[in-house]
Amino acid sequence: MKQAIEVTKELYYIGVSDEDIRTFDIIMKTANGTTYNAYLLKTDEGVIIFDTVKEEFADEFFEKIESVCSYDDIKYIIMHHLEPDHSGALPELTRRVPHAKIFISPMAQPMLKSIAKTEDMEFETVWTKKQLSLGGKTITFLSTPNLHWPETMSSYLEEDKVLFSGDVFGSHYYDSRLFDDLVGDFEYAFKYYYDHIMRPFKSDVVKALSLYDKYEVETICNLHGPIMRTNPQRYIERYREWSTKTDRLHGKKIISIFYVTSYKNTKEMAQSIYDGIELDDSLIANIYDLTSLDEQNMLSILEESTGILIGAPTINGDAPKPVWDLLSCMMLLEKRGKFGGCFGSYGWSGEAVDMIHHRLGALNFRIPLQPMKVKLIPTEEELLACHDYGTEFGKIVNGKMMEMTL
Ligand code: FEO
């Protein structure tokens, strides 16, 4: 029988390991597998469960619960996040403890009944500063939405200074030794997880950190990977550093121009746009041939750029693959506050530029200007128009009022 493991006095780890998983949520590589962390707090007046596990590991989760308490003891269930890797065992848990009250964030309410697969349960929605007291223990709830679903929340166990952070501070990294001071070096997994799960919501990370800052944290009980009990502040500071990275260089906003070109026509347009932006020395313009950038380079450039311009010819009625690679990696970034635009030379129908324009709109870029399209070889007049386009785009990135085109 699997045993619960004590984290702090009377707080137990009842999570499970998924050692053999090698891809998580389609987009993440998990070379070291992962864990689905869940916790159980014993108090003088009953038990609180914090989250559950993926459905296929439910048996082990229940064995661990049974190793430290009986189901009659369970008074409350706190669900920080309803994604199936943490709510998979909730239907069976509610069947076994129908008397237990469930705490969720307000945003989780519409999802709870469909996930729990029952109407027969008591639940309460909670937000920052609402508290739950039981047997001398006090849980303070903290609203931390969008990390990384709209309904995510955190909580803090006052007496033991434990932060239950949900997916925040997670790592897809399984090591049976469980605690950060005992496991191997999981730094790569911690950063990789942040980049893929939290970076697209870094403004919300900053808000969550300012909430966490109000509490003294000795242990971070997250939902994936090692439990953090050795100077947990350093993990908090890593998140702060990554999430407050500025999109300026030497105090100047950056506009990055990415292009692909077959006959140097789109490249000429890119160069004219670049020259137009560079007239304003309070901006920094950069220009990149997309065919020579890998995804890591793209991401790092995109993250630091306030303005992003993409140039492409049309090949076989489509934008070339490097353009789609650039557009698809943007799902890993926060687009809030970024401006986009596109341009390109074409021979026949010129669909590529329109496709890029619509894709940038769907990604929530602000698109202040209509795309620049030129048939085949740009004339002097058209290059001048590209130059003006760059200047105007730069002014808008620098704060000039704009009329949205989407
Ligand atoms: Fe670990 Fe968002 O679930």
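Me: What should I know before I start?
Reply: Residues are numbered from 1 along each chain as its sequence is written, and side-chain values use heavy atoms, with hydrogens and water left out. Since you are looking at a predicted model, local features need pLDDT of at least 70 and side-chain atom pairs count only at pLDDT 80 or more, while totals for chains, interfaces and linings use all residues.

Me: How many helices and strands are there in the protein?
Reply: Helices (H or I, at least four residues) and strands (E, at least two) are DSSP runs, numbered from the N terminus. Here you can find 12 helices and 22 strands. The C-alpha atoms fill a box of roughly 80 × 40 × 40 Å along the principal axes.

Me: Which domains does the domain assignment give?
Reply: Domain bounds come from an automatic or database domain assignment. In this protein they are domain 1 (5–243) and domain 2 (248–397). Their centres, taken over C-alpha atoms, are 41 Å apart. Contact means heavy atoms within 4.5 Å, and 11 residues of domain 1 are in contact with seven residues of domain 2.

Me: Is phenylalanine 339 buried or exposed?
Reply: Buried means under 20% relative accessible area, exposed means over 50%, and partly exposed lies in between (1.4 Å probe, protein chains only). Phenylalanine 339 sits in strand β21 (residues 339–346). Its relative accessible area is 7%, so phenylalanine 339 is buried. Across the protein, 56% of the 406 residues count as buried.

Me: How many salt bridges does a search of the whole structure find?
Reply: Side chains of opposite charge can pair when their charged atoms come close. The rule used here asks for a side-chain nitrogen of Lys or Arg within 4 Å of a carboxyl oxygen of Asp or Glu. By that rule, the whole structure has 24 salt bridges.

Me: Where do aspartate 18 and lysine 54 lie in the chain?
Reply: Their side chains meet in a salt bridge with an N to O distance of 3.9 Å. This pair links distant parts of the chain, 36 residues apart: aspartate 18 is in strand β3 (residues 16–18), and lysine 54 is in the loop between β8 (46–50) and α1 (58–66). Aspartate 18 counts as buried because its relative accessibility is 10%, whereas lysine 54, at 23%, counts as partly exposed.

Me: What about glutamate 60 and lysine 64 in helix α1?
Reply: They are four residues apart in that helix, about one turn. Their side chains form a salt bridge at 3.1 Å, N to O, and both residues are buried.

Me: Which residues are linked in a network of salt bridges?
Reply: Look for Lys191, Asp195, Arg199, Lys202, Lys245 and Glu303, which are linked in such a network.

Me: What volume does the largest pocket have?
Reply: Rolling a probe the size of a water molecule over the atoms shows where empty space is left. On a 1 Å grid over the protein atoms alone, a pocket is an open set of points where a 1.4 Å probe fits, with protein on both sides within 12 Å along at least five of seven lines; lining residues have an atom within 4 Å of a point. The largest pocket here has a volume of about 320 Å³. It is lined by 14 residues, and the closest to its centre are Pro200, Phe201, Met331, Leu333 and Lys335. Each of domain 1 (5–243) and domain 2 (248–397) gives at least three residues to this lining.

Conventions. Grid points are joined across faces, edges and corners, and a volume is the space filled by probe spheres set on the points.
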